[in-house]
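Morning, everyone. Please have the sequence and the model open while I talk.

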Amino acid sequence: MHASAEAAGLVPALALGYALAARTHPPGRARIGVGILALALIFAAFASPLQGLALHTFLWAHLLQNVVLAEWAPALLVLAVPPAIAARAAGFALFRPLVALPLWLGTYLVWHLPWVYDAALRHPHSLLHVEHLSYLAAGIALWWPVIHGAHPAGAKAAYLFAAFVLVSPLGLVLALLQRPLYSFYAHAPRTWGPGPLVDQQLAGVTMAVEQAAVFFAVFAHYLLRFLREEELDRLDRTFDQLRQTG
């Protein structure tokens with residue numbers, strides 16, 4: 001097992017913070033279960049053989065870790081937050097949609113610049129941890145207005161659609177590019193598995209498909225809610241007109 005600071009330090013810190021918050025604002029069993037699942041995902045991504053593959057050999061493994069930290073775990077962590085705590089954080093600037101979405105996109109794009117990406121991998125005990133923490137923080141900011149925001153369902157659907165449209169080119173570029181983009185993985189020693197270019201294409205396809213599935217699923221949820229609300233509003237207006245003319 002290849003445990004990292006994310007598994008040995010971040011997971012216990014998040015668990016402790018959640019336990020302290022739960023003492024004053026009990027979250028309920030469902031939210032506790034979701035929080036545990038989020039921590040288990042982070043632990044599995046950084047305390048399993050995936051960690052060694054990401055640090056030394058395969059781009060797809062590193063991108064999978066990034067997806068866990070930037071999308072899956074943050075969504076679950078935000079879901080686990082009790083409403084009373086969420087209400088107290090409602091005015092936090094980073095949780096505003098027009099701040100959170102650019103922050104998340106910028107974090108993804110900056111860390112995927114070739115020279116930044118390679119530098120982080122060559123400094124696994126310092127800069128790489130900064131990368132991972134920034135992914136988690138940006139992911140929490142991204143999901144907060146969706147899960148705890150008071151915005152209409154239609155606005156949330158539009159927000160999620162924009163997030164997908166704006167981030168999806170990154171995975172497509174990795175999938176379609178005909179040369180390895182990151183020198184760290186291009187020169188990584190390999191005794192098995194795909195070569196550098198196929199590894200990169202596999203990583204890009206996986207990233208694009210994952211983001212399409214996650215964002216479309218949540219987008220569809222809020223779009224259907226918006227359509228139901230619009231239908232109810234239409235029916236209410238119809239009944240009001242009938243009462244006025246009756």
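I will go through the aromatic ring pairs and then one surface patch.

This is a predicted model, in which local features need pLDDT of at least 70, side-chain atom pairs count only at pLDDT 80 or more, and totals for chains, interfaces and linings use all residues. Residues are numbered from 1 along each chain as its sequence is written, and side-chain values use heavy atoms, with hydrogens and water left out.

Rings of Phe, Tyr and Trp (its six-membered ring) pair if their centres lie within 6.5 Å; planes under 30 degrees apart count as stacked, over 60 as edge-to-face and the rest as tilted. By this rule there are 12 aromatic pairs.

Take Phe58 and Trp192: their ring centres are 5.0 Å apart and the planes stand at 70°, so this pair is edge-to-face. Phe58 sits in the loop between α3 (49–56) and α4 (59–80), and Trp192 in the loop between α10 (183–186) and α11 (196–245), so the pair ties together parts 134 residues apart in sequence. Helices here are DSSP runs of H or I, at least four residues, numbered from the N terminus.

Phe58 is buried at 0%, whereas Trp192 is exposed at 52%.

Next, Phe95 and Trp144 have ring centres 4.3 Å apart and planes at 10°, so they are stacked. Phe95 is in the loop between α5 and α6, and Trp144 is in helix α8 (residues 127–147), 49 residues away.

Ring pairs also join Trp104, Tyr108, Tyr135, Trp143 and Phe215 into a cluster.

Last, the surface. Phe92, Leu94, Val99 and Leu103 make a nonpolar patch with about 300 Å² of accessible area together. Accessible areas come from the Shrake-Rupley method with a 1.4 Å probe, and for residues only the protein chains shown count as cover.

Note on methods: Patch = residues over 30% accessible without salt bridge, like charges linked within 9 Å, V, L, I, M, F, W, Y side chains within 5 Å. Salt bridge = Lys/Arg side-chain N within 4 Å of Asp/Glu carboxyl O. Helix = DSSP H or I, 4+ residues; strand = E, 2+ residues; numbered from the N terminus. Buried < 20%, exposed > 50% of the residue type's maximum accessible area, 1.4 Å probe, protein only.
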